[in-house]
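Please look over the sequence and the structure shown below.

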Amino acid sequence: MSGVPVYLETFGCQMNELDSELVRGQLMRLGYAFVDDPDQAQVVLFNTCSVREHAESKAYSRIGIVGKRKAQGEQVLLGVLGCMAERDGLDMLRRYPQVDVLCGPGELDRLPALLDAARRSEAASQVERVALAGNRTRRSAVLSAVQDDLETLDLSRAFDPDAEGRRKHSAQVRITRGCNKFCTYCVVPYTRGAEVHRPPDHVIEECKRLADAGAIEITLLGQTVNHYRYEHGMAVTVGGREAPQIGPGLAAFRSEIPAGKRVTTFARLLQRIHDEVPAIQRLRFVTSYPRDFGRDILEVMRDCPRICRYLHAPAQSGSDRILGLMNRGYTRAEYEAFVQGVFEVLPDATLAGDIIVGFPGETDADFEATCDLVRTLPFKNNFIFKYSPRPGTIAIDRFTDDVPDEVKRLRNNQLLALQTHTSERVHAAWVGRTVPVLVEECYAPSTAPSRTAGGVELRWESREAAPARKALRGRTPGDLIVAMDAPAGTAPESLIGHIVHAHITNASALLLHGACVPEAVAAR
Ligand code: 5AD
Ligand code: SF4
């Protein structure tokens, strides 16, 4: 494979970004060379997302462009990875003959073999080219590590501190794959399969190796991280190691752990990573499910200084009726009680979430209830989505998508405006405080064309351009973005990947502005 140029583009969520990083490491070890320009690539891979139709349309348009290249006689191998490969399967191969390889998120460990087969044989059979159902089948509570090759992919990730494709100070570690919640609008339980928890020792080993490679911030990933739960002593161990495990039913979170059972809960996992990997300065996690978020987790967050007091806990709606139709498993009052509990234990926590507008049957009154939630709770930000009916979900079968697109758009805009006010309030409360900031980028204020980073409009300039004045941008433990002038006498680039302290002087809905202060001053 030596030197075969590959282009890999990722759509969608953080889970996909991590999958792409693992795929990249795996293919680089086999000698593939990654390029930034798809036109220079002999292998083009799209790691796709099916959560909303918009993400799928974008991927289809890219697939169309590669199709044109192939029609003009170019030798390009096209692979579609991720949720669309899982969801569309053979149908995609029929409709898009330019696609050579399909590989669902549960089969990424097999990608090199699939690419190899496709490269060797233009005539590879469709069955050979289609990834099977991955870990969707609910086999038993224990997945033998032999069967669960995906675990091998996570464990064998590249730890090269200079590896392309990731900021070396910041890394992501999966703790749970899949989801068992079956919210009625969501494809994830179908594309990523049943909830499978990785053994805590595997997670800790991965964190240690990332720390050794220079990571100071780790984000633990799972669709509902607080449902992480690993029961020891029940696994068939392979080579003396514990194996990944299918998650228990929800009842497990609503009762005490039975006597005699040894269980690693999410709280315990956080505590262990915090204590056993002290080089990690910031330990984060996404996404939290607003139900079953025990006080034990909040107490560990309170007692462990390097765990970030930041929660991304999607409310999805403020209307009980809609929450019921969504099968979210909580009422608005329960969501509010959850948030109240968070701030009781962690007064300086920050809260973010996701909201869907225009869910089937959403009336003006339902929408108003959501507006009220956004007005009253201290969300630092909310990602707001227009409901998008997804094939294969419960909602598309059971409900009519009856809120007109124009109404969805208006509600989306109205909620964004309300969220802007709430964000301003949340950010303003930080003015006058001194906060630690993990520096991520240097930028030249207001000299270069703007680009969007994490939903925030900032002005950037490439490092090569060496502008006269440079500012720093980074994040607080609570994931608030801070812009500040670089301290005098320091090369700003040298601070990237380091934690500095900033005194916050003013704030807007999207940004805190601050001045760098020496650590000794910050500590006082
Ligand atoms: N339509 C719109 N938004 C959706 N999400 C998930 N499925 C859909 C859908 N069918 C949103 C939810 C979720 C986020 C990742 O995407 O808000 O939290
Ligand atoms: Fe989808 Fe609900 Fe699972 Fe989140 S919790 S991944 S919205 S099914």
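Ser319 is in contact with Asp366, Ala369 and Thr370, leaving aside its neighbours within four places in sequence; contact means heavy atoms within 4.5 Å. Ser319 itself sits in the loop between strand S14 (310-312) and helix H11. Helices (H or I, at least four residues) and strands (E, at least two) are DSSP runs, numbered from the N terminus. With a relative accessible area of 4%, Ser319 is buried. Buried means under 20% relative accessible area, exposed over 50%, and partly exposed in between (1.4 Å probe, protein chains only).

This is a predicted model, in which local features need pLDDT of at least 70 and side-chain atom pairs count only at pLDDT 80 or more, while totals for chains, interfaces and linings use all residues. Residues are numbered from 1 along each chain as its sequence is written, chains are lettered from A and ligands numbered from 1 in the order in which they are written, and side-chain values use heavy atoms, with hydrogens and water left out.

The pLDDT is the predictor's confidence in each residue, from 0 to 100. Its mean for the protein is 88, and 86% of the residues reach 70 or more. Over residues 123-142 the pLDDT stays under 50, and the model has 52 contacts beyond four places in sequence for them. Residues 447-466 also have a pLDDT below 50, with 33 contacts in the model beyond near neighbours in sequence. Where pLDDT is low, the predicted coordinates should not be read in detail.

Now to helix H13. The buried residues of H13 are Asp366, Phe367, Ala369, Thr370, Cys371, Leu373 and Val374. They are covered by elements including helix H11 (320-326), H12, strand S15 (350-357), S16 and H15. The 13 residues of H13 should span 18 Å at 1.5 Å a residue, and its end C-alpha atoms are 18 Å apart, which agrees; the expected span is 1.5 Å times one less than the number of residues.

Helix H15 has 24 residues and reaches 34 Å from its first C-alpha to its last, close to the 34 Å expected at 1.5 Å a residue. Among its buried residues are Lys408, Arg411, Leu415, Leu418 and Val426. The buried residues of H15 pack against S15, H13, S16, strand S22 (499-507) and strand S23 (512-517).

What ties H13 and H15 together at the level of side chains? Asp364 lies in H13 (residues 364-376) and Arg411 in H15 (residues 405-428), so the pair ties together parts that are 47 residues apart in sequence. Asp364 forms a salt bridge with Arg411, the closest N and O atoms being 2.8 Å apart. A salt bridge is a side-chain nitrogen of Lys or Arg within 4 Å of a carboxyl oxygen of Asp or Glu. Asp364 is exposed, at 60% relative accessible area, whereas Arg411 is buried, at 7%.Another salt bridge joins the side chains of Lys386 and Asp405 (3.8 Å, N to O). This pair links distant parts of the chain, with Lys386 in strand S16 (residues 379-386) and Asp405 in H15, 19 residues apart. Lys386 is partly exposed at 29% relative accessibility, as is Asp405 at 46%. Salt bridges that share partners also join Glu56, Arg87, Asp88, Asp91, Arg94, Arg95 and Arg390 into one network.

Within helix H12 (residues 332-345), Arg332 and Glu336 are four residues apart, which puts about one helical turn between them. Their salt bridge has its closest N and O atoms 3.0 Å apart. Arg332 is buried, with a relative accessible area of 15%, and Glu336 is partly exposed at 28%. The whole structure has 42 salt bridges.

Strand S20 (residues 471-475) is largely enclosed by the rest of the structure, because five of its five residues are buried. Ala471, Arg473 and Arg475 are buried on one side of S20, and Leu472 and Gly474 on the other. S20 is joined to strand S17 (residues 434-443) by five bridges, and the two run antiparallel; two strands pair if DSSP finds at least two bridges between them. Leu472 in S20 is the bridge partner of Cys442. Five bridges also join S20 to strand S21 (residues 481-485), again antiparallel, and Arg473 has Ala483 in S21 as its bridge partner. The hairpin of S20 and S21 has five residues between the strands, and there Asp479 takes a positive phi near 70 degrees.

Elsewhere, an open sheet of five strands has the order S2-S1-S3-S4-S5, with parallel pairing. Its edge strands, each pairing on one side only, are S2 (33-34) and S5 (101-103). Three bridges join S4 (residues 77-82) to S5, and Leu81 stands opposite Cys103 in S5. Helix H2 (residues 53-71) packs on this sheet, touching S1 (5-10), S3 (43-48) and S4, and its direction makes about 165 degrees with that of S3. Axes here are lines fitted to C-alpha atoms, for helices over the stretch in contact, and angles run from 0 to 180 degrees between N-to-C directions.
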